[in-house]
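Reader: I would like to learn how to read a model like this one. Can we go through it feature by feature?

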Amino acid sequence: MGMEELTVRGLTGVDMTLTVAGVGTRAYAFIIDWHIRLLLALSWLLLGWLIARIGTSGGSVTTGSPTVFLLGVVTPSMLLYFLYHPVLELVMQGRTPGKRMAGARLVTREGATPAPGALLMRNLFRLIDTLPAFYALGLVTCVFTAQRVRFGDLAAGTVLVLDESSSKSKSLERMGALLQHSTLDPRAAALIEDVLERWGELEPQRRMQLARGLLEKLDTGTSPELRGALEEAQLRQRLQDLLGRT
Amino acid sequence: MQPGATAWLRARAPFWRTLADEVRTAPGRSRASPEEALQTLQAYRTLARDLASARELMPRDAATAALESSYASLHVAVNRSPRYGLARWRTLFLERIPQAARSVRGWALCIAGLLVASALAGWWLITTYPELIGLIASERMIDGVEHGHLWTDQILNVAPSSVLSLRIFSNNAVVTAGAFCAGLFFGLGTLYMISLNGLMLGGLLAFTHQHGLGLALLRFILAHGPVELSVICLAGAAGTALSESLIRPRYPTRAESFRRCAELLGPLLVACALLLLGSGLIEGFISPNPRYSVQVRLGVGLGYWVLMLLFLSGRLVPAHGESNPRHSRDKSTRYSMI
């Protein structure tokens with residue numbers, strides 16, 4: 001399944017292309033959000049229960065003050081659980097903690113942040129998307145629609161796209177600095193920057209192999225013997241020197 | 001990468017570094033001074049120009065991807081709709097809710113007719129086949145009515161009025177939202193929900209009437225029933241209008257027609273939620289309380305119903321000043337569907 005794209009006409013006449021988030025990203029974001037809201041609701045419930053128990057001096061909580069318990073503990077925890085998505089999407093401009101972690105955000109078909117009405121409509125249609133259970137209808141709709149949308153998105157005119165604004169590799173600041181400080185070819189500089197950024201995630205053997213390969217092509221002043229004898233830290237330092245980093 | 005691209009990149013790099021701060025802060029800015037707004041627009045135009053050049057000179061390059069991402073970020077900031085503050089609320093209550101209510105008036109009458117027809121069918125069904133009451137009422141309810149007690153008699157002993165109101169409101173809100181959203185299934189879901197509610201209402205009235213408690217049940221629903229049933233009819237009408245947008249699309253695609261219809265009818269659901277809140281309070285505090293006479297109940301029921309009509313027609317709040325100019329201007333195109 002290829003990556004779907006949403007092409008939006010910019011106000012200057014220059015189009016922009018947003019990558020539509022797939023079912024996997026949606027599910028990942030939802031699972032994170034579900035855990036957060038469940039934990040929040042349970043924490044409130046537990047805290048309220050403990051406070052009520054202390055207040056009733058070890059007696060039965062629900063027989064002590066059922067109205068206060070229902071209105072002050074059960075209702076807020078249910079509100080936390082059920083209003084998590086609509087409230088956070090409104091406050092965080094089309095994002096939730098789960099969506100942020102999954103690198104996704106909601107936009108309109110014009111690429112803008114959805115209006116409050118659209119976000120509320122989107123959440124209202126969860127009633128249908130959750131049918132018959134576990135978001136089955138919503139997931140099926142996501143698989144078969146062109147822009148991977150569920151019924152709520154269709155009603156609200158929203159699309160879940162990949163949020164690349166927080167991506168370090170696509171930062172304008174980083175790109176500008178790279179081009180200013182390095183005398184290398186821009187593509188080679190970007191490649192070294194990528195390797196250095198992922199240095200900690202790569203296995204030691206793999207990153208040393210990559211570093212030697214890059215130095216072989218770009219650092220022609222060093223002999224192959226000397227390059228082969230370089231330690232891991234030295235290889236990293238050599239790559240940083242090539243980028244013009246101090 | 002085309003010849004000259006590297007030189008162009010190096011020449012533009014210092015400008016991009018100065019724009020980076022704007023790209024980072026502008027989308028999250030809640031308010032902007034005219035100078036800040038102009039600065040954002042200038043940055044947006046600069047990025048658009050550079051992006052167009054970068055796509056030409058070096059498609060699929062990291063620099064092009066960075067420009068794409070930054071351009072999209074600034075697009076969010078530039079394309080944000082203005083905040084009208086109080087005017088937005090005034091527009092909602094004085095224009096958009098009445099507009100949405102007017103657009104479903106015909107359907108609301110049809111749905112009310114369906115509710116009445118289903119209630120009559122339910123009455124006939126239980127009168128003819130009394131044993132079928134088990135399908136619509138619980139054992140406890142049946143047992144209570146057979147012993148001369150309505151299930152609503154001791155309701156305040158089970159839960160206090162505040163809790164009862166909350167529970168009733170949430171139940172009604174789910175039914176209302178369900179009646180609207182079920183319109184998505186080409187209206188079949190909405191028709192099913194309305195018919196079922198009518199059938200249950202008629203059946204319960206017939207059953208209580210058989211045991212001499214019909215008037216007591218009517219007395220109970222007199223205060224909250226008119227608005228509650230009207231709201232369910234309105235939500236059903238909105239659901240039917242939603243299904244009509246799919247069956248007979250008035251825009252190039254069904255998806256577009258569906259979206260426009262949902263956008264038009266959204267304010268009506270806000271109105272329904274507010275009305276149900278009041279209805280829930282009446283049902284929790286007035287309806288189960290035996291101290292209130294029939295006259296008081298009738299007064300509350302009719303008064304609240306008239307209030308609902310005034311609210312839905314936009315006459316409840318007097319119009320002062322200018323409302324949201326964006327919505328007023330767009331009205332001719334936005335509401336042309338129904």
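Reader: Start with confidence. What does chain A average in pLDDT?

Author: The general idea comes first. Where pLDDT is low, the predicted coordinates should not be read in detail. In this case, chain A averages a pLDDT of 87. In chain A, 93% of the residues score at least 70.

Reader: Where in chain A is confidence lowest, and where is it highest?

Author: Helix 2 of chain A, residues 61-64, is the lowest, with a mean of 52. Helix 9 of chain A, residues 151-156, is the highest, at 96.

Reader: Now chain B. How many helices and strands are there in chain B?

Author: Chain B has 14 helices and zero strands.

Reader: What radius of gyration does chain B have, and how does a compact globule of 338 residues compare?

Author: Chain B has 28 Å, whereas a compact globule of 338 residues would be near 20 Å. The box tells you about the outline. Along the principal axes, the C-alpha atoms of chain B fill roughly 95 × 40 × 40 Å.

Reader: What share of chain B is buried?

Author: Buried residues are 41% of the 338 in chain B. Take the contacts in chain B between residues at least 6 apart in sequence: 80% of them join residues at least 24 apart.

Reader: Let me try one residue. Is Ser70(B) buried or exposed?

Author: Count the C-beta atoms around the residue. Ser70(B) has 28 others within 10 Å, so Ser70(B) is buried. Ser70(B) belongs to helix 3 of chain B. Not counting residues up to four places away in sequence, Ser70(B) touches Leu172(A), Val23(B) and Leu47(B). Ser70(B) and Leu19(B) are 51 residues apart in sequence, yet their C-alpha atoms are 9.2 Å apart.

Reader: And a loop residue? Where does Gly187(B) lie?

Author: Gly187(B) lies in the loop between helix 8 and helix 9 of chain B. Gly187(B) is buried because 20 other C-beta atoms lie within 10 Å, and 20 is the cut-off. Beyond four places in sequence, Gly187(B) is in contact with Thr240(B) and Ser243(B). From Gly187(B) to Ala52(B), 135 residues apart along the chain, the C-alpha atoms are separated by 47 Å.

Reader: Last, a helix pair. At what angle do helix 1 and helix 3 of chain A cross?

Author: Their axes come within 8 Å and cross at roughly 170°. Helix 1 and helix 3 of chain A are therefore roughly antiparallel. Among the contact residues are Trp44(A) and Trp49(A) of helix 1 and Phe69(A) and Tyr81(A) of helix 3 of chain A. By class, the contact has twelve nonpolar, three polar and one charged residues.

Terms used
Residues are numbered from 1 along each chain as its sequence is written. Chains are lettered from A and ligands numbered from 1 in the order in which they are written. This is a predicted model: local features need pLDDT of at least 70, side-chain atom pairs count only at pLDDT 80 or more; totals for chains, interfaces and linings use all residues. Axes are lines fitted to C-alpha atoms, for helices over the stretch in contact, and angles run from 0 to 180 degrees between N-to-C directions. Helices (H or I, at least four residues) and strands (E, at least two) are DSSP runs, numbered from the N terminus. Angles under 35 degrees count as roughly parallel, over 145 as roughly antiparallel, 65 to 115 as roughly perpendicular and the rest as oblique. Two residues are in contact if their C-beta atoms, placed from the backbone, lie within 7 Å. Ala, Val, Leu, Ile, Met, Phe, Trp, Tyr, Cys and Pro count as nonpolar, Asp, Glu, Lys and Arg as charged, and the others, Gly among them, as polar. pLDDT is the predictor's confidence in each residue, from 0 to 100. A residue is buried if 20 or more other C-beta atoms lie within 10 Å of its own, exposed if 12 or fewer, and partly exposed in between; C-beta atoms are placed from the backbone. The radius of gyration is taken over C-alpha atoms; the globule rule is 2.2 Å times the number of residues to the power 0.38.
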